[in-house]
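Open the model in your viewer and keep the selection tool at hand. The tour moves from the whole chain to single side chains.

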Amino acid sequence: MLSVAKNIRVIRGVCAAALALTTAWSMSVPTAAPQPAVAQADARWWMREPILFVQTNLSETDSTVDPQELVAAVADLGANTFLMNMGGIVAQYPTRVPFHYPSRFLPAGRDLFGDVLRSAHARKIRVVGRFDLSKTQKPVFDAHPEWFFKRTNGEPAIYSGLYSTCINGGYYRQHALSILEEALDRYEVDGLFFNMFGNPSADYSGVAMGPCECDACQARYRKRFGRDVPRVADADYRAFMAESAREVAASIAELIHRKRPQAAFLTYIKDHTDGIMSESNTAVGRPLPLWPYSAGDNVARSLGSEPDKVAINLAMSFVDYPWRYAHVPRAETELRLYQNMARGAPPAVVVVGTMKQQDRQGLLAAKPVFQWHARHEDLYVGQRNAGRVMLLATGDTASYRGFYRLLTERHIPFVVSENLRWMDEEPGRFDLVIAPEAAPRELERYLREGGRLLAAGTTAPPVPVGSIVGRKTTQGYWRIHDRTALPSLTETDLLFIDGDYLEIAPLARQVLTLIPTSIFGPPEKVWSDKVETQVPGLVTATYGKGRLAFVPWDVGQLYYRHSSDTHAAFMSDVIDSLLPSGRQIRTDAHPLVEITVMDQPSRGRTLLHLVNGSGHHDTAYFLPLEMRDIRIELARDVKNARAVRLAQSLQVTSNGGYRSFTLPSLKAYEVIVIE
Ligand SMILES: [Zn+2]
């Protein structure tokens, strides 16, 4: 998977870590030590145990690393789950499967992976083996060219001397299973992780791979679409590739679960896996602005879409591929780790090479966070997002990010989902659904049955919103006529719009109307041709038992790009007008303090996580500024509120339907336990 056009979570299949455990757990544990919960029959340890995750992506030259020293460094960091290279491109054990090669740097007789596994288990550290099946060596290509990616010019795809396999070829579809079978038979791994799962769209240098025209792809594509693989990847081809990856994932999942029921199957896709991997990473060529909510966004999306899987969001220490050994700022890594935890995922950090880093900032950032987590591990198991607003992630776009940021800054707790399964599974769970663009048609039923929807963008929602004239574009304004539902906009009569809007016929009662592009220069001529139209900028309606607001322009994208406080106030007021019983939280916290509300059902309590993002500015990350006396009001009963980092009970008072307390001080991160 590589970067996406409009915006980017950019999940690059470079590194990634994982989890682990085993029944072998107890083998080296002194008899006096408490028996870990893993002795129980439930194999889903990754759903029940606190996880502190570190991944090292070894180069083949690192095969000489001392396994005991490596594991000692992992233990010293405080990690309890270690993802390390196992096989695929380079095996770190003496594999005997044909077309699978031990590292040429592996000392004679050495089983690096096996030694690490045993040493780690002796220290109660779980081990996940990393595989990359996307490339292998030339002799395999010479023997089985039909297993490999075939460019549209007929040539194989070669990178750093390695040949790219094809997800539909015999290497991925059959031979890989023999490789994995050996690995699973020989090693009591706690999980397997797969990097670069499927055919990537570009190589590590960013050069597009193009569609694969190998015989296997052609045959499958013809069978499904009745025509050849297209010369340029299109929507059908991308769907075909995703389906191909899912098919291979199904067979690998079956193998792992059959051979080692207590091992997790982890990769970057959601289907057939036990956990969803994602990355918070940087790239020097990526368009600005930075996305400081990358980690929370990735985790929220994974857990909101697939709540029964673990979400492992990796804080990638390196700056970009050409600088694998130079790290992003410590404060950036720290912020990513806190965001992971605040949204229900483990802290997870990745370095390339061994634990002996030339740039030590990535691991130095992680260590105190891991120490905190270890001291308070009961906070980080079984968390469930209690937000009552659902933000739909229909794409990874500026429109989505605009709403993500707005909700965060305004302290409106929210859940993110890429699917609509919650409509059937928990129909009453959310007070409001926000579709930042192109509301799915299934939401018609949600509205009919009493749901509330805020839909934005130039695609009409799936219910009547007036007579549609067509999509147009402008650099103009919206004139505010009616502030009944927009009480925050007292200091302006105008909002700006830059871009497309969906023209709808005039409404009986107008809230916003369009002023299209008019003369803007020289100043002497500005607005001398101005026209006030009756084109609406906001439609509100009832439908069935439900209510909706439709903003027929891309307000999320505008806010993401320009952060106009008028757009923020507008969105916030529209949200408030739709919430059936007001805000879940009221607070005077600074907009850069992110507050998440997480239930811990098994412990009968709720956690408020506060992540201080005030250290982020422009392209920089610094230590956050200390915030003082943050007032928080919760729309629920509160008997006790305890700030964990301050080790202090907070006095709770009543204020109508809200319970209030004040957090005296917030540094980088705090958790308030609500009972
Ligand atoms: Zn192919």
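Begin with everything selected. Of the 675 residues in the protein chain, 59% are buried. Bear in mind that this is a predicted model.

**The whole chain**

Show the cartoon: the protein chain has 15 helices and 32 strands. Switch to the C-alpha trace, which spans about 80 × 65 × 50 Å along its principal axes. For 675 residues, a compact globule would have a radius of gyration near 26 Å, and the 27 Å of the protein chain agrees with that.

Now display the surface. The accessible surface of the protein chain is about 26,600 Å², and 51% of it belongs to carbon and sulfur atoms. Next, consider contacts in the protein chain with a separation of 6 or more: 72% of them are between residues 24 or more positions apart.

**A pair of rings**

How many aromatic pairs does the count come to? It comes to 35 aromatic pairs. For one of them, select phenylalanine 113 and tyrosine 187: the ring centres are 5.5 Å apart and the planes stand at 85 degrees, so this pair is edge-to-face, as planes over 60 degrees apart count as edge-to-face.

Phenylalanine 113 belongs to helix 3 (residues 112-122), while tyrosine 187 is in the loop between helix 5 (170-186) and strand 7 (191-195); the pair links distant parts of the chain, 74 residues apart.

Are these two residues buried or exposed? Phenylalanine 113 has 0% relative accessibility and counts as buried. Tyrosine 187 has a relative accessible area of 3% and is buried, because the cut-off for buried is under 20%.

**A cluster of rings**

Select Trp291, Tyr293, Tyr400, Tyr404, Phe414 and Tyr560 together. Ring pairs link these residues into a cluster.

**Charges over rings**

The charged end of lysine 530 sits over the ring of tryptophan 527, at 5.0 Å from the ring centre. Then move to tryptophan 372: arginine 645 lies over its face, 4.4 Å from the ring centre.

**A strand residue**

Finish with valine 127, which is in strand 3 (residues 126-132). Valine 127 has 0% relative accessibility, so this residue counts as buried.

Key: Residues are numbered from 1 along each chain as its sequence is written. This is a predicted model: local features need pLDDT of at least 70, side-chain atom pairs count only at pLDDT 80 or more; totals for chains, interfaces and linings use all residues. Side-chain values use heavy atoms; hydrogens and water are left out. Rings of Phe, Tyr and Trp (its six-membered ring) pair if their centres lie within 6.5 Å; planes under 30 degrees apart count as stacked, over 60 as edge-to-face and the rest as tilted. Helices (H or I, at least four residues) and strands (E, at least two) are DSSP runs, numbered from the N terminus. Buried means under 20% relative accessible area, exposed over 50%, partly exposed in between (1.4 Å probe, protein chains only). A charge sits over a ring if NZ of Lys or CZ of Arg is within 6 Å of the ring centre and within 35 degrees of the ring normal. The radius of gyration is taken over C-alpha atoms; the globule rule is 2.2 Å times the number of residues to the power 0.38. Contact means heavy atoms within 4.5 Å. Accessible areas come from the Shrake-Rupley method with a 1.4 Å probe; for residues, only the protein chains shown count as cover.
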